[in-house]
Amino acid sequence: MKKGLLIIIMMLLLGGCWDEAQYKDVTIVPVMGIEKDGEEIKTIFSFPTFENGMINYSTSEGKGFSTWNARYDANQRTMEALNLAHLEVLLVSDNLAKKDIYEPLDMFFRTPKNRITSYIAIIEGDMEQYFNLPEDVNTDVADFYPELLHTAVLYTFVAENTLGETAKILREESMDLSLPYMTLNEKGIPTVEGIALFSNYKFTGKTLRKEESIAANIMKDNLGKHTYLTYKWRQKESPITIEIISVHRKIKITHDKIDLNYVIDIGVDEFPKNGLYKNDMRRETENFLSDEMKRDFNKVIQKTQEAKSDIFGFGRRVHAFHSELWERGDWQETYATFPIEVDVKVRMKRTNILD
Amino acid sequence: MFTLSRVQFFLFLFIIQTGTVFISFQSRFIMASDHNAWVIFIFAGSLHYVQLLLFEKFHKRFNPGKAVSHLYIAYWIIITISFLSYINYTLSVWIFPHTPQFITMATIVGVSLYANTRRPETIINLPIVIIPLIPIFIVFLFMSLPDLVWTRLFPLDVMEYKPLLKGLFLSQATFIGIEIFLFLRQYVKDDEQVKGKPIFIYQSIWFLFFFTTVIFVLLYFPISGLKFVTEPLLQLLKYQKVTFVERLDMFFLYIWVIWSAITVILYNFMIIHTRKIHFKNTSNRFIILLHLILVVASVYLATKDRVEIVRRAIIYIHIVFSILVPIIVILMDRREKK
């Protein structure tokens, strides 16, 4: 009796075996691309193959009427099943993002095994080119994109956009999505060009360039580990590079305008003209930088308003505290024409080891 | 017979009340209450405290006869089945899609069967297992702190009473199990004080636990997105990128399964113990039969539709057994004494 009971208990402990997934049966996909091909979805997967003890990366393509369907199609051309549990980067083509972007992404959130902390980026042009890196790159797709985006986050070119965050913002009426935007340079090397602006569920086709993207992240107080800005100071005939130390922002919303007040602490990293040992020179530099940054910030506001894309989430505060303004109608429409005034005050906190 | 220390009593109650409920109740509650959810939960918390105080005041008059005890046994069986079917469904969706559901259930229920054929002291001390898991859960939760959006606490709209009432009704999910106070209170050692500060401390812990989960879910997810999220706490952890484990949600899911399994054991203990007291039945045949029913029923109910129906119905049944029946039993006892 006791033996029988023991066997039954031991059998029950084997419960997890049904759901055992062995690495030999699957192939891990670190980078995946989705694009629109006519009325269909086209997916490209980069996955490792082992030849003569070396790891190489191959690609497999699939087409279908949904992302899963296209994945299924691609799966039929690979030896093992494509597994997205360790996906590091998802690339989405601009033509697909201009439609409802949530639809092709649904499968990532519905299946618990999928990783949703992967980076997501929008690419310009043909997806296939992004999976065939030129020899100059000297690395594999699987290493290149995660590192490229990680560096972009580290240097505040873009915010850390994961699949999960994307889903959350897409479901929010009071804020719009912005995702890293990649293009190919003249040598065919993929580059983070800036950020793609979304309005509701769709990519507007409008983007912010890299410098504008950094400015937008400063405005959101969403700094990476390093945030550098370089200006040409024509009057002094000198470049000046600064590192943002911290951002203090105040947002005041009334029924007829938004006032944005920024106090930005900086350090100077490059200024060949020198002379920062003089108090007057430091004040003059602060004033120059305040004006430059104010101009940049205004430009960013203007571009996001043209795109009807509230990437700053002003709508969140409007929804929370200004019901009259919120109820005027679609927030994106209101945002597009709403007066926004920006004021920037730069405080030089460090001149580093030179004056 | 057994006795309980004050700590054992409250720990028993805490596990019974938190158990399975705490990973899922937030979605429906917040969707019904909108941004008012946190205010409604503060009000619900006050009601919970009042209920505890009343239970403490009148517990000696709560003398359920055989008929009422039968009803409570049936009620707890329903509660246990609802918990198990939800656990079964959640596990099949999140971790074990290919494992036969009866195996998962048999494993959990098997542990309960083993525990409930031991001495009561074994079960009474079981909730201690959960204590180290609570801070782990809280630490996991606080990892999402930088992603919380505080403006989601507003706007408040307390003029519309219908969503407030609906929210208050759905917050009752966190009260499930409170009636066990009345059943176990008599076993607390006479020299241990329960009323006053101890009840207040228990109430504070209960409130802080649930309120924290409500606040985190409310501030983490946009309300319009919550309707897609069935287990918001699990999802919240799935969104976290950490270096020490690939999937934080999995880690938490296992904690929750242990927590829930202990809750099931405690409910079964209540069923078996109440039967022993009122029906002088100590046979193991009933215990085995009960556990068999639990396995079969929880496997049968573990589909999306059935789980939803049971979850919706359970709050109504809970209100009957945690408010209505105790009032009737206490009033009848008073009348009999007169």
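Guide: In this predicted model, the side chains of A:Glu160 and B:Lys241 form a salt bridge with an N to O distance of 3.6 Å; the term denotes a side-chain nitrogen of Lys or Arg within 4 Å of a carboxyl oxygen of Asp or Glu. Between chain A and chain B the count is three salt bridges. The rule also finds 10 residue pairs in polar contact across this interface, both residues being at pLDDT 80 or more; a polar contact is a pair of N or O atoms within 3.5 Å, where within protein one must be able to donate a hydrogen and the other to accept it, and residues adjacent in sequence count only if both atoms are side-chain atoms.

On the side of chain A that touches chain B, the elements giving two or more residues are helix 7 (163-170) and helix 10 (314-321) of chain A. Helices are DSSP runs of H or I with at least four residues, numbered from the N terminus. Helix 10 of chain A provides the largest share of that side, five residues.

The contact (heavy atoms within 4.5 Å) takes 27 residues from chain A and 31 residues from chain B. About 2,600 Å² is buried between the two chains, with carbon and sulfur atoms giving 60%; buried area is the accessible area (1.4 Å probe) that two parts lose on being put together, summed over both. A:Pro112, A:Lys168 and A:Arg171 supply 25% of the area that chain A buries against chain B, more than any other three residues.

Local features need pLDDT of at least 70, side-chain atom pairs count only at pLDDT 80 or more, and totals for chains, interfaces and linings use all residues. Residues are numbered from 1 along each chain as its sequence is written, chains are lettered from A and ligands numbered from 1 in the order in which they are written, and side-chain values use heavy atoms, leaving out hydrogens and water.
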